[in-house]
Amino acid sequence: MEAPAAPRDPAETRLTITSPEQMRELGRRLAKLLRAGDLVMLSGELGAGKTTLTRGLGEGLGVRGAVTSPTFVIARVHPSLGGGPPLVHVDAYRLGGGLDEMEDLDLDVSLPDSVIVVEWGEGKVEELTEDRLQVVIHRAVGDTTDEVRHVTLSGLGERWAEAGLETLTA
């Protein structure tokens, strides 16, 4: 009897971003690696660039509608304009913990056919799939006009083992 395979370390890529346009461009480039069934979890301080990155993802995926923060509506669906997967953009900031509270959003139903991006999803959506991309955006906090962001992309699960995250640094 064979022993089960050891879990893989996450595929990880780190980038330094120096402007909102570079964050959007990162989103456009990342979109080329995404496919239906992908869950992307974004975390970072307020104003770190999560929605700016998602705006770039929407542009790269070729979806309809302006990608804006869904804070007050919780989730927005952006259908594809060209036959690709729709983008489901979720802001879980105002939601409590656990997947139970998010069940009304039917993310588990949407996931196989969509790219789902969840801002503030830690501790809330991990149960949806073992394969997910975690994007952490760090920025200087306090009274600063510094545009520098340090972005860490960690691909978890088999889906991300060979997904090509390293191409984002080129």
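How do the residues of the lining of the largest pocket divide into nonpolar, polar and charged? Some notes on that and on the helix pair follow.

1. A word on the basis: this is a predicted model, where local features need pLDDT of at least 70, side-chain atom pairs count only at pLDDT 80 or more, and totals for chains, interfaces and linings use all residues. Residues are numbered from 1 along each chain as its sequence is written, and side-chain values use heavy atoms, with hydrogens and water left out.

2. To the opening question: the lining divides into 6 nonpolar, 7 polar and 5 charged residues. Here Ala, Val, Leu, Ile, Met, Phe, Trp, Tyr, Cys and Pro count as nonpolar, Asp, Glu, Lys and Arg as charged, and the others, Gly among them, as polar.

3. α2 gives the most to this lining, with 3 residues, and α1 and α2 each supply at least two. Helices are DSSP runs (H or I, at least four residues), numbered from the N terminus.

4. Now the helices themselves: the axes of α1 (residues 20-31) and α2 (residues 50-61) come within 7 Å and cross at roughly 45°. That makes α1 oblique to α2; angles under 35 degrees count as roughly parallel, over 145 as roughly antiparallel, 65 to 115 as roughly perpendicular and the rest as oblique. Axes are lines fitted to C-alpha atoms over the stretch in contact, with angles running from 0 to 180 degrees between N-to-C directions.

5. The contact (heavy atoms within 4.5 Å) includes Pro 20, Met 23 and Leu 30 of α1 and Thr 52, Leu 53 and Leu 61 of α2. Its residues divide into 8 nonpolar, 4 polar and 4 charged.
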